[in-house]
Amino acid sequence: DRLERLSKDKAAFIQQSCQKPVIFSGGKKATPFLFLKPDYIDLPIELPSSFFLKIKRKYPETQIICSWHDFEKTPEDFSKIFERPADLYKIATFAQS
């Protein structure tokens, strides 16, 4: 995984070079880089609510995106995503006609 090989110094350089908001994705693998204070962190719905709360308490300036990915089907009910304490919600599913 590329994120695991990325040094913290390199990540800081990339973030400082960006003119746009920075989103860290990768779930738990991204958490060692949160000291860089990205604008957003993208966490999968599979993580427990307690993990979302822990991140929010430790890094209140970083907004949390809760992501739901299901590339096999479109679920009937998306309400589960709102059980996670996030600032934004992202849903990516298999399209059905």
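Modeller: Two strands pair if DSSP finds at least two bridges between them; strands (E, at least two residues) and helices (H or I, at least four) are DSSP runs, numbered from the N terminus. This is a predicted model: local features need pLDDT of at least 70, side-chain atom pairs count only at pLDDT 80 or more, and totals for chains, interfaces and linings use all residues. Residues are numbered from 1 along each chain as its sequence is written, and side-chain values use heavy atoms, without hydrogens and water.

Biologist: How many bridges join β2 to β3?

Modeller: The two strands run parallel, and Ile41 stands opposite Ile64 in β3. With α3 they make a right-handed β-α-β unit (strands pointing away from the viewer, the path from the first strand over the helix to the second runs clockwise). The number of bridges joining β2 to β3 is 5.

Biologist: Within what arc do the buried residues of α3 fall?

Modeller: Phe51, Phe52 and Ile55 are buried in α3 (under 20% relative accessible area, 1.4 Å probe, protein chains only). Seen down the helix axis, the directions to the C-beta atoms share one limited arc, so the buried residues line one face of α3. That arc is 100 degrees.

Biologist: Which residue in β4 stands opposite Trp68?

Modeller: β3, with 6 of its 8 residues buried, pairs with β4 (residues 88–93) in the parallel sense over 6 bridges. Opposite Trp68 stands Ile91.

Biologist: What distance separates the C-alpha atoms of Pro48 and Glu83?

Modeller: Pro48 lies in the loop between β2 and α3. Pro48 and Glu83 are 35 residues apart along the chain. Their C-alpha atoms are separated by 9.5 Å.

Key:
Buried < 20%, exposed > 50% of the residue type's maximum accessible area, 1.4 Å probe, protein only.
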